[in-house]
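Colleague: I would like to learn how to read a few local features from a model such as this one. Could you take me through them in turn?

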Amino acid sequence: MSGVWTGLLLSVCVYVCVTAQRHGPPGFLHQHHHRQHDQTEELTQNMSNSKIEVQSVKIDCKVASRFAHTVMTSTALNKANVSQEVFFEVELPKTAFITNFSMEIDGQTYLGEVKEKETAKEQYEKAVSSGQTAGLVKASGRKMEKFSVSVNIAANSNVTFTLTYEELLQRRFGKYELTIRVKPQQLVQHFEIVADVYEPQGIAFLDTNATFLTNELLPLVEKMVTDKMAHLSFSPTLDQQRKCPGCDSTLVDGDFIITYDVNRAKDIGDIQIVNGYFVHFFAPADLPRLPKNVVFVIDRSGSMHGKKMEQTLEALVTILGDLYEEDHFGLVTFDDKIESWRRSLSKASQDNVKEAKEFVKTITARHMTDINGAVLHAVDMLTAAKKNSSLPDNSASMIILLTDGDPTSGEQHLPQIQDNVQNAIGGNMSLFCLGFGYDVDYTFLDVMAKQNDGLARRIYEASDAALQLQGFYEEVASPLLLEVNLHYPDSLVNSLTNSHFRQLFDGNEIVVAGQLNDLAVDNLLIEVSAQGLEEQFLVQDQVSVEEWAIMFPEQEYIFGDFTERLWAYLTIQQLLDKRDKCKPEESENITAEALDLSLRYNFVTPLTSMVVTKPQNDENPEDALIADKLSEDQRQDIIPQDFDYDIAVMPIALKGSAKAFLVDGDPHFIIEIPEVNDALCFNTDDKPGTIFNLVREPLTGFVVNGQTIGDKKVEPGSKGHTYFGRFGIIHEKFNIRLMVTTREILVSEQGKHEELLWSKTSTVKHLNMELQVAKDHSLTVTLRNTVKFVIILHKVWEKHPYHQDYLGFYTLDSHPLSHSVHGLIGQFFHGVKFEVSELFQGKDPDKPDATMFVKGHKLTVTRGWQRDFRKDVKNGENVPCWFIHKNGTGLIDGKLRDYIVSDLFKTF
């Protein structure tokens, strides 16, 4: 991303939950996660009955020159005569680094250790066999991560949890924001929030607010603000926390927010030097705004149909109205065809903006997605305008791309698209990428934006999506300077963070940090140069190192070594960005440097993990947990609560990765896409006795073949049905063979043979395989580090004149398989890209047809349903799906006959 910081949220959610623990693992916390807010009183009563006393919750935030150091501490006492499980949860911003965690139990402290990720993983996996393990960090909403841990506490014992994390606050819209989220969900004997802010530049303003403050609680917020310092505290008594006299529910539930900015007296910015490290904050005031040249590149593929397109166009109309008259703009829309409103950029005059708004209202969702062609077209428009001298001097050029999915037309190889775009832009403009929803490859957009001096932002599918789009535009609407260079004497400084920035936007701030070569140096000469509106921006200043050494000695406890830790934080962030966009041969050294800093400063980053070893007991002799830093892609399991999906009302395009696969019935195949609660399905039609390859994975030699059977007899003139009656499963690496028929299950492993019967419930555990038979119902097969699947037995009345027993095959977990996996259903194990649009009336009035684009094919598909028998083997459960006709032609690779094999145990 650009070095201009553009976002900030610092948030804390503290929650302590307990449950009596006599037998088995705790489940109370997980039930709580899904409860609604109006159930708080019930939860509080349950906790009260458990005789756990939450003695204190303290949140201590210290901010020294934008660098925030937050410590959350909570103490609970088990007053019961039985052991109980105590849970500790904290919400922290996704951009923060955890630096410390500890549990103190009866005077003994258990510390979390930050280790290299692979080393931590080994320790974690070692504990899996002997104790319950879990990841400590989960995604929580758009901007937060939830850290949670539990521990079993003996009777009449107490526990103190302490979590510490750090983050550089980023200036956005002219202010810094510190949000402390507090959700204790109960009354707390000693509850306290303390925040100290120290800004050597001087505090320009500081405001506080809280979503839970009533007229009675408002006077409890104590605020003291001096020239450079602010102290805030909030500490309600037990009675002041109550919602009503005598009740146990708490008023304290929401966000405690502090916003502030600093004085900016010097154009050079503010330079602070402590213990041999310096940090330079640059955001000059009162600079005139530069004109900008912006091309909006809007995805109109079929997947944008409906609410997403409505919100995009609503936001775009507003954004067009906010353009300044000296700006120039263009509009590019794309599916598999690329079109522009006008061939060249237009000045943002009232008439042009009015015409553009009318054009925007005509944009409709259509077909596929050619991101490569669309962005290159926008680059050509800006390049041509520059060559023609039709753009104002000293103006900022940028492209804003909005898309909701991966490329499905034109160039589709993501690294090639990134190379094409970077080569075309050539450092002459910035690219900002907005990914709408969770079907996009966010990493692809993020890297492409970073390669071109921009940034990526996810737009969440929610009722406020239009506001999210407008909010992002406002961040980049007012460029102030171009090609900003901050220069420091090479002989005096080293280990400098990024000091060149393509642009500075109004309301943001540039931050540079580094080390001094010599602590005895008297003065540091600093120069900042950039291109302003009418002339070159150039400022110089001398900074006295000695002056900083004697400044405010009584305040050392506030900032201490903050400049060094700020430098490390910023360096790691920038190294990780550099790693994302560098050449493969450069990645190893960059990764090693970032890892070294992460370990040296005890930061949990994408390269490290924190291992927390819980106290040993008889049930869990070794119980380890691991806290990781989530990537943006790992957050994709968040489904917005107001996500609207209704295929009966509107056609919608889908681009998803398949997660569940099954074949059952006559035989019908279903590929489930749980992210959007939808599925693809197709049937196979061939003569009884045909053997199909369903899955093959060459690296392990894992193969699943299935042989069809037919009806007992077929009436003249009617069509016979086929079903799967036998499955052959092979794992060559483990020397395993299974034959599953409707009568028996034959097992062969390492030359040893065994027979299992459907008529008896049984479990067989081997080194590399586990089999579980549910009587006359199902066989569950788990192959170590390979796959887990279940075969359903459909029992038919023995004297039925036509039908006979048959089998269904359902995968439960296929993610360990490599990308070389194939077969009729195996080819979908790692996802399938497709789009559905243009809903229209088909032959069946109850089943609409639509156009599907998949694997380069344009197909007519029908909205229907197939049955999933996992939960109800007798009646099944209807699964809505898009039905692909003609044996799945166009969806499956090749033709159906390509999957026919000669033997049930045929390998490849």
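Modeller: Let us begin with a single side chain: leaving out residues up to four places away in sequence, Arg565 touches Phe67, Thr99, Glu166, Tyr601 and Phe603, where contact means heavy atoms within 4.5 Å. This is a predicted model, in which local features need pLDDT of at least 70 and side-chain atom pairs count only at pLDDT 80 or more, while totals for chains, interfaces and linings use all residues. Residues are numbered from 1 along each chain as its sequence is written, and side-chain values use heavy atoms, with hydrogens and water left out.

Colleague: Is Arg565 buried or exposed, and which side chain joins Arg565 in a polar contact?

Modeller: Buried means under 20% relative accessible area, exposed over 50%, and partly exposed in between, with a 1.4 Å probe and protein chains only. Arg565 is buried, at a relative accessible area of 15%, and belongs to helix H13 (residues 562–581); helices (H or I, at least four residues) and strands (E, at least two) are DSSP runs, numbered from the N terminus. Its side chain is joined to that of Glu166 by a polar contact of 2.7 Å, a term for a pair of N or O atoms within 3.5 Å of which, within protein, one must be able to donate a hydrogen and the other to accept it, residues adjacent in sequence counting only if both atoms are side-chain atoms.

Colleague: Which residues of helix H6 are buried?

Modeller: An α-helix has 3.6 residues a turn, so residues three or four places apart point the same way. In H6 (residues 350–360) the buried residues are Asn352, Val353, Ala356 and Val360. Viewed down the axis of H6, they fall within an arc of 95° and so line one face of the helix, the arc being that of the directions from the helix axis to the C-beta atoms. The face turned away from this buried side carries the exposed Gln350, Asp351 and Lys354, whereas the buried residues pack against helix H5 (307–322), strand S21 (328–334) and strand S23 (346–347).

Colleague: At what angle do the axes of H7 and H8 cross?

Modeller: Two packed helices are described by the angle between their axes and the distance between the axes. The axes of H7 (residues 371–387) and H8 (residues 414–425) come within 10 Å and cross at roughly 5°; axes are lines fitted to C-alpha atoms, for helices over the stretch in contact, with angles from 0 to 180 degrees between N-to-C directions. H7 is therefore roughly parallel to H8, a label for angles under 35 degrees.

Terms used
Parallel < 35°, antiparallel > 145°, perpendicular 65-115°, else oblique.
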